[in-house]
Amino acid sequence: MQVSVVAVGKAKERYIEEGIAEYEKRLRPYANCEIIEVKDERVPKNASPAEEAKVKEEEGERILAAVRGGALLVALDGAGEMWSSEDLAARLRTWEISGTREVCFVIGGPLGLSQAVLNRADLRLSLSRMTFLHTMVRVILLEQIYRAFRIVRGEPYHK
């Protein structure tokens, strides 16, 4: 299975880059994993709702351009469903059994995802009701995907 993560902006913090690299390495035995970073838009200080919508729209166009046509799209969205690690594992198992070739998770920028991306999404997933740095979400998501594959394979995952 191909697992893609399309994310807005670059992960600039060294500890985040190291975390991403670590989980990409750990995922190799389970899936082909690709992180795709799309350019973020500068948000004007004291941006109006219209300016914020324009930023999300432009980032959304880049996100959708990066998503391959047949991919099952999971949008990370604060208003999405909250799953346990076991729930994610069950979904991965179902997707594998059903022949899903690619699952693409999308992470928006600080303003979130455009309506066009949310409309294209097959599922909306919330990692928490808490707010995280959007670059930190990459590490959290990759760790959970790794954990889910370990659960699916019946391997220990809690260490």
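## Packing of α3 against α5

The crossing of α3 and α5 is right-handed; a crossing counts as right-handed if the near helix is turned clockwise from the far one by less than a right angle, and as left-handed if anticlockwise. The model is predicted: local features need pLDDT of at least 70, side-chain atom pairs count only at pLDDT 80 or more, and totals for chains, interfaces and linings use all residues. Residues are numbered from 1 along each chain as its sequence is written, and side-chain values use heavy atoms, with hydrogens and water left out.

Helix α3 spans residues 85-97 and helix α5 residues 136-152; their axes lie 8 Å apart at an angle of about 70°. Axes are lines fitted to C-alpha atoms, for helices over the stretch in contact, and angles run from 0 to 180 degrees between N-to-C directions. The two helices α3 and α5 are therefore roughly perpendicular, a term for angles of 65 to 115 degrees. On the α3 side the contact (heavy atoms within 4.5 Å) is made by S85, E86, L88, A89, L92, R93 and E96, and on the α5 side by Q144, I145, R147, A148, F149, I151 and V152. Eight of the residues in the contact of α3 with α5 are nonpolar, two are polar and four are charged. Ala, Val, Leu, Ile, Met, Phe, Trp, Tyr, Cys and Pro count as nonpolar, Asp, Glu, Lys and Arg as charged, and the others, Gly among them, as polar.

## Packing of α1 against α5

The axes of α1 and α5 come within 9 Å and cross at roughly 20°. That makes α1 roughly parallel to α5, the term for angles under 35 degrees. The crossing of α1 with α5 is left-handed.

From α1, the residues Y15, I16, G19, I20, Y23, R26 and L27 meet M136, R138, V139, L142, E143, I145, Y146 and F149 of α5. The contact of α1 with α5 comprises eleven nonpolar residues, one polar and three charged.

## The sheet

Five strands form an open sheet in the order β2-β1-β4-β3-β5, with parallel pairing. Strands are DSSP runs of E with at least two residues, helices are runs of H or I with at least four, and both are numbered from the N terminus; two strands pair if DSSP finds at least two bridges between them. Strands β2 and β5 (123-126) stand at the edges with a single partner strand each, so one side of each has no neighbour in the sheet. On average, neighbouring strands of this sheet are turned by 30° against each other, direction ignored.

Helix α5 packs on the sheet and touches β1, β2, β3 and β4 (102-107); the direction of α5 makes about 165° with that of β1.

## Strand pairing and crossovers

Strand β1 (residues 2-8) is joined to β2 (residues 32-38) by seven bridges, and the two run parallel. V6 has I36 of β2 as its bridge partner. Together β1, helix α1 (residues 14-27) and β2 make a right-handed β-α-β unit: with the strands pointing away from the viewer, the path from the first strand over the helix to the second runs clockwise.

Strand β3 (residues 72-82) runs parallel to β5, with five bridges between them. A75 is the bridge partner of R124 in β5, and E81 that of L125. Four bridges join β3 to β4, also in parallel, and V74 stands opposite F105 of β4. A right-handed β-α-β unit is made by β3, α3 and β4.

Note on methods: Parallel < 35°, antiparallel > 145°, perpendicular 65-115°, else oblique.
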